[in-house]
Amino acid sequence: MQAAVPPFSDDDRHWMREAVDIAHQAIGLSDPNPRVGCVLVGDGWQVMGHTQAAGSAHAEVMALRAAAAAGHDVRGATAYVSLEPCAHHGRTPPCCDALIAAAVGRVVAAIEDPFPQVSGQGIARLRAAGIPVDVGLLAAESRELNIGFFSRIRRGRPWVRMKIAASLDGRTALLNGASQWITGPEARADGHAWRKRAGAVLTGIGTVRDDDPRLDVRLVETARQPLRVVVDSRLEIAPQARVLQPPGQALVYTAQPGPTTQAFDPACVEVAQLPATPAGKTDLAALLADLGRRGINELHLEAGHRLNGSFLKEGLVDELLVYLAPKLLGAGRDMAAFGPLERLADGLDFEFLDMAPVGADIRLRLRAVGRATF
């Protein structure tokens, strides 16, 4: 039976909202660690902190440092943390121990950390030290912010978000392959903000041939570039492809070795061979499992209709990010190539999360039905 969520005050809700809000500043910075915010509230003062780059300070330590820099006495203060304080010594010491040493008076955590070496142990250690801990305030918001982290820890694979830019009649390109640009500059910048969220951005060899994309984050500021991933079953990619060029790292998945392996710069390009399907294609489920082992929380998929169709047919897409332009293109390439289906009931079901205007275009977010229950 799930434990009852304790009653929270208006002040609790306010400060936890601040903690969740500042956790967003860890997007594009903290991967593979979760995005966490911490607010320390004392008598007439408050300070904040969020998780830094992997190997650097976590949110609780950043808030404690801010309090020390401002000359605040944190003894008896309340710590609002958007994820359970960690209880293990990874690249940094346990945050629960830092809060215990600081003698805070209370901890409010939004949600338990799913990581097996934490998973309630941080809360237990705080309580064992005599510090009251309340859990469950804004849990859904914290989990949503870290849905990729929860996915990787609990499913062993990243959260897959498929991005599509299309016309009103569902065309992503003309029959001749022309696709730049269907949507406007505001939608393209918004798409880069979603790239920034991801630990990796993935495309297929067909898109590399047609568009020669860079797949980096350029239109919004970021402290870290996502890993660029190409699915290329026969290893046909040219070493000069822009997606393989520095800065940043690139990973090419193949199902069979090819003649160009030695031409890649090992300092910035890795070629990984995965099992092949009976059709000789790269096993996409194995690909996701490998990315999970590499610490990728969110995978941003920007591919052509064939690879999109393969991910969808295998049930590997968790979320759709669709930009619709107010134009009709007639004959052209579809969003995803799969089917044909025999029955309407065989269609892939998604549910709407939100809809928002982005410049002259509309952005739709949809989630696979029942997917976020892990």
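Which strands does helix α7 lie across? Hi everyone, let's start there. Helix α7, residues 185-197, lies across β6, β8, β12, β13, β15 and β16. Its direction makes an angle of about 165° with β13. Please keep in mind as I talk that this is a predicted model.

Now for the sheet that those strands belong to. It is an open sheet of nine strands with mixed pairing, and the order is β11-β10-β9-β8-β12-β6-β13-β16-β15. The edges are β11, residues 269-273, and β15, residues 350-358; each has a single partner strand, so one side of each is left without a neighbour in the sheet. From one strand to the next, the twist averages 20°.

Strand β9 covers residues 227-231, and five bridges join it to β8 in the parallel sense. Here, Val 201 stands opposite Arg 228 in β9. Strand β8 itself spans residues 200-204, and three bridges pair it with β12, again parallel. Val 201 shows up here too, standing opposite His 300 in β12.

That brings us to β12, residues 298-301.

Moving on, β12 runs parallel to β6, residues 159-167, and four bridges join the two. Val 160 has Leu 299 in β12 as its bridge partner. On to the next pair: seven bridges join β6 to β13, which run parallel, and there Arg 161 stands opposite Glu 319 in β13.

How many of the residues of β13 are buried? Seven of its seven. One side holds Glu 319, Leu 321, Tyr 323 and Ala 325, while Leu 320, Val 322 and Leu 324 sit on the other. Look for Leu 324, which stands opposite Ile 362 in β16.

Helix α6 lies across β6, β12 and β16, and runs at about 130° to β6.

Next, a pair of helices. Two packed helices are described by the angle between their axes and the distance between the axes. For α2, residues 59-69, and α3, residues 95-102, the angle is about 30° and the axes are 8 Å apart. The two are therefore roughly parallel to each other, and their crossing is left-handed. Where they meet, Glu 60, Val 61 and Leu 64 come from α2, and Cys 95, Ala 98, Leu 99 and Ala 102 come from α3.

What does the record say about this part of the chain? An unreviewed UniProt entry lists residues 10-134 as "domain: CMP/dCMP-type deaminase". Over residues 10-134, the chain is 33% helix and 16% strand, with the end C-alpha atoms 14 Å apart.

Is it buried or exposed? His 305 is buried, because its relative accessible area is 16%, and the cut-off for buried is under 20%. Beyond its neighbours within four places in sequence, His 305 is in contact with Arg 333, Asp 334, Met 335, Ala 336 and Ala 337.

Definitions and conventions. Residues numbered from 1 in each chain as written. Predicted model: local features only at pLDDT ≥ 70, side-chain atom pairs only at ≥ 80, totals over all residues. Heavy atoms only, no water. Pairing = 2+ DSSP bridges. UniProt positions renumbered as here; feature names shortened; annotations may be inferred. Axes fitted to C-alpha atoms, helices over the stretch in contact; angles between N-to-C directions. Contact = heavy atoms within 4.5 Å. Parallel < 35°, antiparallel > 145°, perpendicular 65-115°, else oblique. Left-handed = near helix turned anticlockwise from the far one by under 90°. Buried < 20%, exposed > 50% of the residue type's maximum accessible area, 1.4 Å probe, protein only.
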